[in-house]
Every structure is written in C-alpha cells, then in structure tokens.
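Please read the following points with the model open beside you, and take them one at a time. They move from a whole chain to single residues, and end with a ligand.

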Amino acid sequence: MNTFSYTRANDVADAVQNGSVKTNFKFIAGGTNLLDLMKENVERPDHLIDLSRITLKEIEDTADGGLRLGALATNANTAYNQKVEERYPLLSKAILAGASPQLRNMATNGGNLFQRTRCYYFYDLATPCNKREPGSGCSAINGYNRIHAILGTSEHCIATHPSDMCVALAALDAKVNVTGIHGEKVIDFADFHRLPGDQPQFDNILEPGDVVTSLDLPKNNLSKHVTYLKLRDRQSYAFAIVSVAAALELDGDVIKDIRVALGGVAHKPWRIKSAEIALIGKAATVENFKVLAENLLADAKGFGSNTFKIELAKRAIVRALTEVAKAI
Amino acid sequence: MLDFFKQASGSHETTLAPPPAEPAEVRLNINGQQHTLQIAPWVSLLDALREYIGFTGTKKGCDHGQCGACTVLVDGVRINSCMTLAIMRDGQEITTIEGLSHGKELHPMQKAFIDHDAFQCGYCTPGQICSAVGLINEGKANNLEDIKELMSGNICRCGAYTNINAAIIQVKGEVQS
Ligand SMILES: Cc1cc2nc3c(=O)[nH]c(=O)nc-3n(C[C@H](O)[C@H](O)[C@H](O)COP(=O)(O)OP(=O)(O)OC[C@H]3O[C@@H](n4cnc5c(N)ncnc54)[C@H](O)[C@@H]3O)c2cc1C
Ligand code: SF4
Ligand code: FES
Ligand code: FES
C-alpha cells in the first residue's frame, strides 16, 4: 500500500469541498473494496476522504410511497431493515447473497455501487489491463476469461461488474442521488454504470468529487413473487458466475409487471426493458419465459472459457421466473 | 512488543524509505481500556491491534477480507479488522478475543468451542469465536442452515466446521432458554 494523508468529512458539503481542493484522492466508506485494491497497489490515492461518519445512514419513506436508502447505511442494516424486507425483498435477498456477514456489516450502499471488477488481470500489476492502465491492452480477451462478460463487451475490455446489490437495484428502477461541485443530480440506475467501450477505465458516469448521498426505490407491487438466483463456484461467499434478479406481479397467471436483471454477465447489471414489456398481459409460462431469456441473451458473445455462461444465463432466467411464478 | 515494532519500523524506513507522514493520534477503546496511539493513517485496525498494542489474539490470514481470521467486534458488530483503517475507528469500542472472558471466566462461546473441540490448529479460532458472538448478537440465525450461511465469512483450513456449528448451536440454546 502506498502512503497517503487522511481527512474525515463531517458532512456531504465538507466531503465535496475537500474533494474540490485535492488531486488524486479517493473517498472511503466501508473500505472493503478500496483498501483491498490499495493493498494490491491497483489504487494508489495520495489522499483519503473518509465518508464513514457522515449521517446518511437512515432508511426512510419517501413522499410518493417509495423508500430512500442512505448511502452510508451498511449493506447489512439495509438488507435486514423491516421496510426493505417487506416492500423490497428482492433487494434484501440480493444483498444477503453477496460477500460475508462481516463484510456486509462494513460495506455501504454507496460503496457497493463503486466496487470495481474482480477481473484477475485488473488485480495483477504484472499483466496488461486497459481498465487499470488505459492503452496497455486487455489480457482477458485472449486469456482465461471464465468470470468475464458475455454482453455489452468491447474489444478493449470484457470485465463484469461484480455487485449483487446493484442487480436488484437495476430491476427495481432505483434512482441515485448525487451531490457534486456543480450541485445535486438524480441518475436513473440504468444510466449510472456504463459499458466499457473504448474507455474501460470509467465504470460509471460520475465525475471525480461526486458523492452519492442516497438511493431511492420507487413504489411497486413486486414484493410477492421475487427471487435472486445466484450461481457460483461455491455455495456461499463467492462472486456470481451468473445471477438473476427476478420479480413478477401476477393477476391469476397473467403477467402484470415483470423485471429481470442479470449479474455476472456484463460491465453493468443487464436488463432489456422491451423484452419485459413484451411479456406483459401474457401468461406466466415456461414457454414465455424462454422467449424472454432468448431476447435478453440475443446479442451474447462468449470468449472461450466463459461461453458456457450464455446457456447458463438462459436456463437461470427460466428457472428463476418459474420459481417465482409458483410462489404465492 | 512496542519496542520490537519501533525497531522493525525503523529499519523498514531506511530500506524502503516511505515518504514521511504525520502520525495521527488515534484513540481506541479496546476491551474496555483506552489506548491512544500515534500512528500513520495507512495502519489497518488489525495491524494496530497486533503490532502496536500487542493483542496478537486477532489473526492475520489473508489481509483481504477473504478468511475472517481477523474478525473483531466494533460496538458489538463483527467486522474484518484487516479491511478497515485504525484511524477510521477513532473513538469506537473494539472487542477482541482477549476481551471476551471475564478474568478467568471464559465467555460462553469460548466454553462451547472447548466443549465441542471446535478447532484443530486454532489459527482461525479467535476469528470464529468473535464472528460467532457477532452472529448471536445479530439474532438472524434460526437453524443449522442459517448458521452455516452466516458463518461463511470464516474459513477453517482444518475443516472444523461441524464442531464449530455444534458449539454455536449450544450457545444459541443457552441464549434462548
Ligand atoms: C472477500 C470479498 C467478497 C465479496 N463478495 C461480494 C459478493 O459476493 N457480492 C457483492 O456484491 N460484493 C461482494 N464484495 C464486495 C463488497 O460488496 C464491496 O466491497 C462493498 O460493497 C464496497 O462498499 P464499501 O462501503 O466498503 O466501499 P469502499 O471500499 O469504502 O469504497 C469503494 C469505492 O466507492 C467510493 N465511494 C464509496 N462511497 C461513496 C459515496 N457515497 N459517494 C461516492 N463515492 C463513494 C470510494 O471512493 C471507493 O472508490 C466482496 C468483497 C470482498 C472483500
Ligand atoms: S477485461 Fe477489462 S479489467 Fe480485465 S484485463 Fe481486460 S481490460 Fe482489464
Ligand atoms: S485477515 Fe482479514 S479476512 Fe483474512
Ligand atoms: S482450526 Fe485450523 S484453521 Fe480452523
């Protein structure tokens, strides 16, 4: 780990102000991703601005019947919050499928959005990686790419976003509230993370110094038929090879609302709204779920060691939806 | 311990010459005792405990949040002490394996680990016990399956899992009755 100086921010304004006068700084919240990367020298900030004492830890109702999750609330406190468990069980399930209890007690909702890829070449300073060192090349495309993306890839990077929580947030149409030097902005979750394109060094659309203050979950009727199916190399405490956040609103066996987001397959949670809309008003049958799976994976491309994920993802979608359709 | 560290860090500086940084004052309440340290901001809570204060009960396995050997309780909540900086914990109450017993009276979880022979080499044990105490505090484990899932952050290379689970079930029963 490199050496650095440290400041504790008292509030959001203080964090933004500190960020505006520092160069090569990083915010730190739970520390569970940043310190890991700093110990590997992948991240080498000269300055850390600690957000962990900022009082953005509440989980509160919003005026329009939704829920606001403070950016500094821990993943554990969010997953076990009674309102989240009752109204957004998909989010609880996704969070609890990730990391370990100790890590979830530290990891924050804000930090979870910013966690970086687990691509092993990204972590290995001895190998080229466009995300870590733009222009150096991508070791994964022609290398061992079992954990890599099959959708939305570019010739410059095929990394995945490793978060479970974010897959549920994508399915739930969350909004991200941000404060930066130029004031406040609200970002649709679908637009928050980006595809690698020719600038894989950028994981999301935020500017340096932007602080995520909270996440808003809009009201929905998707608390009954939900599941987070996470397929991984061991039963617990491992990142997803493929994951599916699935939610249905049913009227008898007719689909009124449907959400399907995939994790472990792209540089961001993968969702195609038009494929979901096509099923609205149709019956919740395996045949219809198969159509959705084909549509979601239509543009999938494998790179050798990860090609199995295409079929795996399709089957995972059908299995997840079939399970939730049965659960009353 | 402290002298050893000073020596070690002295020679470290001459060979690797890290840029000088102002050590900051960090106050940690560890096992009920106040400790004031002058340390650099990059010292993890784990290193502060082991190398600056001499509480070597907390173990370093992976130093990357992957094994749970470094688990301690902060304000009663279990965390990985390798994945946080000591300076971020300024003013907080930390309980390590050394702080669980009352004098010679072992904590019920320590007793249960002995009753069930829940260790072999013992390296993961302080982390397992602190994690298990955190699990009981959280109150989310209702059966063996839950315990397995909610202890998955603690790896045991000797594979003492069955007995660890039995120890936790015993304490859970004591808490409930
Ligand atoms: C062994 C291990 C296993 C894991 N397994 C899983 C898993 O299975 N599934 C999963 O989803 N995750 C997993 N994780 C990742 C974990 O969920 C993330 O590390 C965690 O969510 C990051 O949150 P944090 O608060 O600790 O972030 P930090 O490490 O503190 O910060 C991460 C980044 O976010 C930025 N940041 C933090 N908060 C804000 C904010 N409010 N505004 C702007 N920027 C901010 C920081 O600048 C930093 O760059 C695992 C981690 C480890 C170490
Ligand atoms: S996939 Fe992306 S992160 Fe991995 S080596 Fe290639 S450029 Fe780097
Ligand atoms: S040493 Fe902290 S988790 Fe392994
Ligand atoms: S007892 Fe040896 S690692 Fe657990």
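1. A residue counts as buried when its relative accessible area is under 20%, as exposed when that area is over 50%, and as partly exposed in between. With this in mind, and remembering that the model is predicted, one can say that 48% of the 177 residues of chain B count as buried. The accessible surface of this chain comes to about 8,500 Å², and carbon and sulfur atoms account for 52% of that surface.

2. Chain B contains six helices and five strands, and, when read from the N terminus, its elements follow the order α-β-β-α-β-β-β-α-α-α-α.

3. Which element holds B:S131? This serine belongs to helix α4 of chain B, a helix that covers residues 125–138. Is B:S131 buried or exposed? Because its relative accessibility is 0%, and the cut-off for buried is under 20%, B:S131 counts as buried.

4. The surroundings of B:S131 deserve a separate look. When neighbours within four places in sequence are left aside, B:S131 is in contact with B:T71, B:R78, B:M151 and B:N154, and also with A:Q102 of chain A. From B:S131 to B:S152 there are 21 residues in sequence, while the distance in space, C-alpha to C-alpha, is 9.9 Å.

5. A:A99 has a phi near 55°, which is a positive value in a residue other than glycine, and A:A99 lies in the loop of chain A between α5 (89–96) and α6 (101–106). Since its relative accessibility is 36%, between the limits of 20% and 50%, A:A99 counts as partly exposed. In chain B, the phi of B:D117 is also positive, near 55°, again in a residue other than glycine, and B:D117 is found in the loop between α3 (108–115) and α4.

6. Finally, how many residues surround ligand 2? There are 14 of them, and the closest are A:C119, A:C129, A:C138, A:C157 and A:I158. Sorted by class, the shell around ligand 2 consists of nine nonpolar residues, four polar residues and one charged residue. The space that ligand 2 takes up is the largest cavity.

Methods:
Residues numbered from 1 in each chain as written. Chains lettered and ligands numbered in written order. Predicted model: local features only at pLDDT ≥ 70, side-chain atom pairs only at ≥ 80, totals over all residues. Heavy atoms only, no water. Near = heavy atom within 4 Å. 1 Å grid on protein atoms, 1.4 Å probe; cavity = no way out; pocket = protein on both sides within 12 Å on 5 of 7 lines; lining within 4 Å. Sits in = over half its atoms within 2 Å of the grid points. Nonpolar A, V, L, I, M, F, W, Y, C, P; charged D, E, K, R; others polar. Helix = DSSP H or I, 4+ residues; strand = E, 2+ residues; numbered from the N terminus. Buried < 20%, exposed > 50% of the residue type's maximum accessible area, 1.4 Å probe, protein only. Areas by Shrake-Rupley, 256 points an atom, 1.4 Å probe, with all protein chains shown as cover. Contact = heavy atoms within 4.5 Å.
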